[in-house]
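Please read the numbered points alongside the sequence and the model.

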Amino acid sequence: MDKIAEFRNLIEESRRIVFLTGAGISTASGLADFRGKEGLEKRKSPVPYETLLSIDFFERDPETFYKYYKEFLIVGDAQPNVAHKKIAALGEKAAVVTQNIDGLHQLAGSKNVTEVHGTTLTYRCVRCRKTYPESYIKRAPGVPKCDCGAVLRPDIVFYGEMLDDRKVEKAVREIRACDLLVVVGSSLVVYPAAGLVQYRPRSAKFVIVNYDPTPYDAYADLVLHDDISIVFGAI
Ligand code: ZN
């Protein structure tokens, strides 16, 4: 049996699937890898990405932050691709835990999505915590401000900030309850993804779909080093 057929069978036979997704699933939608070097360097942001996405920089210079954030990092017209759509089509038997902040899983129709690095789709006031949608940020000239006059920040986890414990705990709960864990487009070298896969039950099947090898390939029941769009297009 070929690997695609094997993957298809595992998905059909499983009752509770967790898809753990990383930048690789979004680059297939033409998005830059938000946290990866490649994206920003290719698109030549004058401020290095690790600086731009650090909480220190945001607090020190929100004007420069928003100038480049709007130019280089906001999602714009990116659409879910075949992988987002196939995952969403599985309905309630599929949960998503993602490192991505682009909201494309929700846009594809997935209901149970845990975004461990937050999202660029929502914003909040740094003072009163009132929330605002992305459309408000796109319309606002310069630094977007709350009704109360304070600066708005994206609901993302900046470098220098802790992950949200509640989200990490939810991700762990989902993974502990699955009978199939599928990693899609993550190299599994960076926390938290690397740590999360270790919570899968011993009885659960483990599949990795990633273009490049990962440190967990040896532990997986099935590894597909192929283009994500091609794999998901074929299942
Ligand atoms: Zn406010």
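1. Ring pairs join Phe 58, Phe 65, Tyr 66, Tyr 69, Tyr 123 and Phe 158 into a cluster. Rings of Phe, Tyr and Trp (its six-membered ring) pair if their centres lie within 6.5 Å; planes under 30 degrees apart count as stacked, over 60 as edge-to-face and the rest as tilted. Across the whole structure, 12 aromatic pairs are found.

2. The model is a predicted one, in which local features need pLDDT of at least 70 and side-chain atom pairs count only at pLDDT 80 or more, while totals for chains, interfaces and linings use all residues. Residues are numbered from 1 along each chain as its sequence is written, and side-chain values use heavy atoms, with hydrogens and water left out.

3. Helices (H or I, at least four residues) and strands (E, at least two) are DSSP runs, numbered from the N terminus. Tyr 66 is buried at 1% relative accessibility, and Tyr 69 is buried at 0%. Here buried means under 20% relative accessible area, exposed over 50%, and partly exposed in between (1.4 Å probe, protein chains only).

4. Tyr 69 also forms an edge-to-face pair with Tyr 123, at 6.4 Å centre to centre and 85° between the planes. Because Tyr 69 lies in helix α6 and Tyr 123 in strand β4, the pair ties together parts that are 54 residues apart in sequence. Tyr 123 is buried, its relative accessible area being 0%.

5. Which residues coordinate the zinc ion? The donors are the SG atoms of Cys 125, Cys 128, Cys 146 and Cys 148, at 2.3 to 2.4 Å. Donors are N, O and S atoms within 2.8 Å of the metal (3.2 Å for Na, K and Ca); water is not among the atoms, so sites may look incomplete. The site is tetrahedral, with angles of 104 to 125° among its 4 donor atoms; for four donors, this label requires all angles to lie between 85 and 135 degrees.

6. The spacing of the zinc donor residues in sequence is C-x2-C-x17-C-x1-C. Cys 128 sits in the loop between β4 (118-125) and β5 (131-133), and Cys 148 in the loop between α9 (134-139) and β6 (152-156), so the pair ties together parts 20 residues apart in sequence. Cys 128 is partly exposed at 41% relative accessible area, and Cys 148 is partly exposed at 32%.

7. In strand β2 (residues 94-98), 5 of its 5 residues are buried. Ala 94, Val 96 and Thr 98 point one way, and Ala 95 and Val 97 the other. Strand β2 pairs in the parallel sense with β1 (residues 17-21) over 5 bridges and with β3 (residues 113-115) over 3 bridges; two strands pair if DSSP finds at least two bridges between them. Val 18 stands opposite Ala 95, and Val 96 stands opposite Val 113.

Note on methods. Four donors count as tetrahedral if all angles lie between 85 and 135 degrees; four count as square planar and six as octahedral if opposite donors are over 155 degrees apart and all others between 65 and 115; anything else is irregular.
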